[in-house]
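Student: I have a model open and want to learn how to read it. Where do we start?

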Amino acid sequence: MDDYEETRPLLVNDELTDENRSEQDSYLDKVKNGKLYMATFAAVLGPLSFGFVLGYSSPAIPELRKIQDPRLQLSKDEASWFGSVVTLGAALGGLLGGWIVERIGRKLSLMFCAVPFICGFTVVIAAQNHWMLYVGRVLTGLASGVTSLVVPLYISETAHERVRGTMGSCVQLMVVTGIMGAYVTGLFLDWQWLAITCSIPPTLMLVCMCFMPETPRFLLCQGKRREAEEALRFLRGPDAPAEWECARIEEAYKNEEQSFSLADLKDPGVFKPLGIGIMMMLFQQMTGINAIMFYAETIFEQAHFESSDVATVIVAATQVVFTAIAAIIMDKAGRKVLLILSGVTMCVSEAVFGVYFKLTVQHNNSSLTSVLTDAQGSLAEQPPTDLAWLAVGSMGLFIAGFALGWGPTPWLVMSEIFPTRVRGLGSALCVLTNWTCAFIVTKTFQNLVDAITSAGTFWMFSGLCALNVIFTAIFVPETKGKTLEEIQACFKGTRQH
């Protein structure tokens with residue numbers, strides 16, 4: 001009898017699914033998205049700022065390597081730290097973001113992000129020594145870490161299921177747009193004026209977010225139903241009955257524990273999304289995206305591009321175009337399909353990369369660096385143009401593949417799968433994993449090349465891409481067209497579709 005009583009509500013829920021879906025579709029037909037788009041735009045100024053932080057080092061480092069002031073001139077190792085210390089700040093920012101997003105809310109956390117962005121660039125502009133440069137980069141990295149956690153949460157909790165995939169993909173779209181913006185601006189401005197330009201997006205975000213609402217889900221968690229209804233009326237327009245959506249969200253919260261404890265890690269509604277989120281962030285960095293970007297300038301030089309600066313802009317523009325395509329088709333194709341397509345594309349392109357390095361680098365030369373330092377080395381003895389264009393083609397294929405799936409989707413899925421009580425903690429662990437792996441991959445990449453050769457390194461990345469395809473097919477749920485509450489119910493096994 002007890003077993004029957006436990007399963008009976010599930011059967012009732014299943015029987016009512018079609019009726020609920022019809023009611024939901026009727027509600028969504030009345031929704032006006034204009035102000036939701038405004039709120040999303042205000043929020044994604046954060047990832048745009050984050051992109052400018054990541055892109056800033058590329059044009060700034062060559063100038064700082066040659067600057068006349070000995071207090072600011074960077075050696076090769078110092079330049080490496082100037083570029084990579086951002087990831088350490090971002091890892092710390094991920095942890096900080098997980099704490100503040102539950103304490104002060106999504107909106108105020110976003111506004112808080114603007115402060116270290118602006119302060120960090122101000123310190124860089126006013127730098128009198130290397131340590132000021134590093135501190136400025138750490139501060140902007142800290143802001144980037146908080147932003148990479150808070151913005152996906154803000155968008156997922158304000159957007160409805162028909163547009164959540166597109167809105168969520170705008171996070172990565174704005175990151176790569178910011179990177180390209182830094183590259184393009186760096187063609188015309190020196191490193192100090194570039195830093196001033198980079199501080200504009202976070203300033204705009206601070207101003208714009210003043211006029212945007214807090215997320216309805218966070219307000220309901222705080223027991224502020226009236227404010228939650230007002231936020232929904234702002235986001236959904238005057239014709240949609242905000243009370244209906246508010247009641248639906250509230251009902252889901254009543255069936256959920258309101259506080260997190262370690263015992264909750266035994267709950268499949270917690271440990272399953274946590275495992276999936278962390279593994280997706282791990283696999284994203286293990287695709288070798290940083291390795292490809294490391295070699296990008298060199299490959300374009302071998303293909304006889306006259307300006308490597310312009311070549312980096314081309315790479316960034318490719319990322320922007322394909323990330324935009326991913327954003328457009330995300331709610332039609334689905335997350336899982338794009339992840340699998342992306343993984344297969346990267347697997348093939350990196351296998352070709354390995355073949356390229358095997359053919360161009362002599363067997364006794366384990367590092368591409370040693371080839372590059374000898375202008376008359378083994379590359380000069382090969383037919384360089386043909387093979388270089390093979391590398392350019394595979395690099396373009398890889399970047400397109402990454403931008404279509406494994407670039408934007410892990411951040412989107414992270415924002416969708418966690419129950420409310422662990423959303424801050426779960427997202428913080430995902431962001432910490434992502435940025436820690438980014439730092440490790442960047443810092444150990446040359447060691448890998450020295451140990452197993454360039455070809456071996458890219459074949460290893462290709463194998464890891466094959467693994468991420470298998471992982472996606474088996475473990476990653478399709479979240480397209482589902483409310484956040486339905487996604488969480490799927491993990492708990494309380495509703496079947």
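Tutor: With one term: buried means under 20% relative accessible area. Keep in mind that this is a predicted model.

Student: Is Arg335 buried or exposed?

Tutor: Arg335 has a relative accessible area of 0%, so it counts as buried. Look for Arg335 in helix 15, residues 335-360.

Student: What does the side chain of Arg335 make a polar contact with?

Tutor: With the side chain of Asp331, at 3.1 Å.

Student: Now the nonpolar core. Which residues have the most contacts inside the largest one?

Tutor: Tyr56, Phe82, Leu133 and Trp191, in a core of 110 residues. Helix 2, residues 34-66, gives the most to this core: 14 residues. Take Leu133 as a case. Its contacts beyond four places in sequence include Leu64, Leu72, Phe82, Val124 and Trp191. There is also a second, separate core of 9 residues, with Ala228, Leu232, Ala242 and Ile249 among them.

Student: And on the surface? Which residues form a nonpolar patch there?

Tutor: Val184, Leu187, Phe188, Leu189, Trp193 and Ile196. Together they have about 560 Å² of accessible area.

Student: Where does Leu187 lie?

Tutor: In the loop between helix 6 (164-186) and helix 7 (191-198).

Note on methods: Residues are numbered from 1 along each chain as its sequence is written. This is a predicted model: local features need pLDDT of at least 70, side-chain atom pairs count only at pLDDT 80 or more; totals for chains, interfaces and linings use all residues. Side-chain values use heavy atoms; hydrogens and water are left out. Patches are made of residues with over 30% relative accessible area and no salt bridge: like charges are joined within 9 Å, nonpolar side chains (Val, Leu, Ile, Met, Phe, Trp, Tyr) within 5 Å. Accessible areas come from the Shrake-Rupley method with a 1.4 Å probe; for residues, only the protein chains shown count as cover. A salt bridge is a side-chain nitrogen of Lys or Arg within 4 Å of a carboxyl oxygen of Asp or Glu. Helices (H or I, at least four residues) and strands (E, at least two) are DSSP runs, numbered from the N terminus. A nonpolar core is a set of buried Ala, Val, Leu, Ile, Met, Phe, Trp, Tyr and Cys residues joined through side-chain atoms within 4.5 Å. Buried means under 20% relative accessible area, exposed over 50%, partly exposed in between (1.4 Å probe, protein chains only). Contact means heavy atoms within 4.5 Å. A polar contact is a pair of N or O atoms within 3.5 Å; within protein, one must be able to donate a hydrogen and the other to accept it, and residues adjacent in sequence count only if both atoms are side-chain atoms.
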